[in-house]
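Please look over the sequence and the model, then read the points below.

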Amino acid sequence: MELYGHPFSSYTWKAQIALHAAGLDYRLKTLDPGHPDNAAFVARHGGPFGKFPVLDDSGTVVFEATSIIEHLAARHEQAAFLLPPARAAELRNLDRVFDNYVMNVMQIVVNEQLRAPDAPDTARQGEARELLRKAYAWLEPRAGALGLGPVTLVECAAAPSLFYADWVEEIGDDCPELKALRTRLNALPEMRACIDAAYPYRGYFPLGAPNRD
Ligand SMILES: N[C@@H](CCC(=O)N[C@@H](CS)C(=O)NCC(=O)O)C(=O)O
């Protein structure tokens, strides 16, 4: 299998965590200036906006991290635990929460910083930070039940979104269960491999990477 993505990309991590957890071999095809062919592949196969990650599984090409994980769970017996049918609706629902209300909201702040590094729209960033705090409060009573058993679609979504969201808007002391969940997820070997591989790129984090994790 080949996974098109980047070692510092949160959605790439989401797919990688699933691949690592299932013990599936893959080659990371990095999106960088040295590999224009990889960028061309993603432009062609990465959906309407040419986004990554994109998985090429022996000619079956899948974009969207969630769809990649669904594909792995359906097509590879050793990955079936990522999305057990009896819990599928509940897991898909929480996956949507982490993508739509944590990861994508965190990206509003990051993208605004990239758009105007010297004069970002701080009001827009402040609104997004407020939404993150709202998401944290919603997740707090639910966090204690996550990240305890085998990795599922939800842990794949939760780990990278909480990792980077916390860099943008630190999870407060009013959300101890969510903080503990983030710590548990960061300690997963599947996640640790992603964090370690991304170390050399930390300097590129537009808001400045904190000196932790
Ligand atoms: N909804 C997509 C989001 C993917 C996404 O936002 N990928 C980012 C990298 S983390 C990307 O492709 N950025 C480059 C671009 O937007 O051109 C998914 O779940 O895979």
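Which pocket is the space taken by the ligand? The ligand takes up the space of the largest pocket. The model is predicted.

**Surroundings of the ligand**
- The residues around the ligand are Ser9, Ser10, Tyr11, Lys51, Phe52, Pro53, Glu64, Ala65 and Gln107.
- By type, this shell consists of 4 nonpolar, 3 polar and 2 charged residues.

**Polar contacts and cover**
- Lys51 places a polar side-chain atom 2.8 Å from an oxygen atom of the ligand.
- Phe52 contributes through its backbone, with an N or O atom lying 2.8 Å from a nitrogen atom of the ligand.
- Glu64 has a polar side-chain atom 2.9 Å from a nitrogen atom of the ligand.
- On its own the ligand has 510 Å² of accessible area, and the protein covers 73% of that area.

**Domains**
- The domain assignment of the chain gives domain 1, covering residues 2-81, and domain 2, covering residues 84-188.
- Between the C-alpha centres of domain 1 and domain 2 the distance is 21 Å.
- In the contact between them, 13 residues come from domain 1 and 20 residues from domain 2.

Conventions. Residues are numbered from 1 along each chain as its sequence is written. This is a predicted model: local features need pLDDT of at least 70, side-chain atom pairs count only at pLDDT 80 or more; totals for chains, interfaces and linings use all residues. Side-chain values use heavy atoms; hydrogens and water are left out. A residue is near a molecule or strand if one of its heavy atoms lies within 4 Å of it. A polar contact is a pair of N or O atoms within 3.5 Å; within protein, one must be able to donate a hydrogen and the other to accept it, and residues adjacent in sequence count only if both atoms are side-chain atoms. Accessible areas come from the Shrake-Rupley method with a 1.4 Å probe; for residues, only the protein chains shown count as cover. On a 1 Å grid over the protein atoms alone, a cavity is a set of points where a 1.4 Å probe fits but cannot get out, and a pocket is an open set with protein on both sides within 12 Å along at least five of seven lines; lining residues have an atom within 4 Å of a point. A molecule sits in a cavity or pocket if more than half of its atoms lie within 2 Å of its grid points. Ala, Val, Leu, Ile, Met, Phe, Trp, Tyr, Cys and Pro count as nonpolar, Asp, Glu, Lys and Arg as charged, and the others, Gly among them, as polar. Domain bounds come from an automatic or database domain assignment. Contact means heavy atoms within 4.5 Å.
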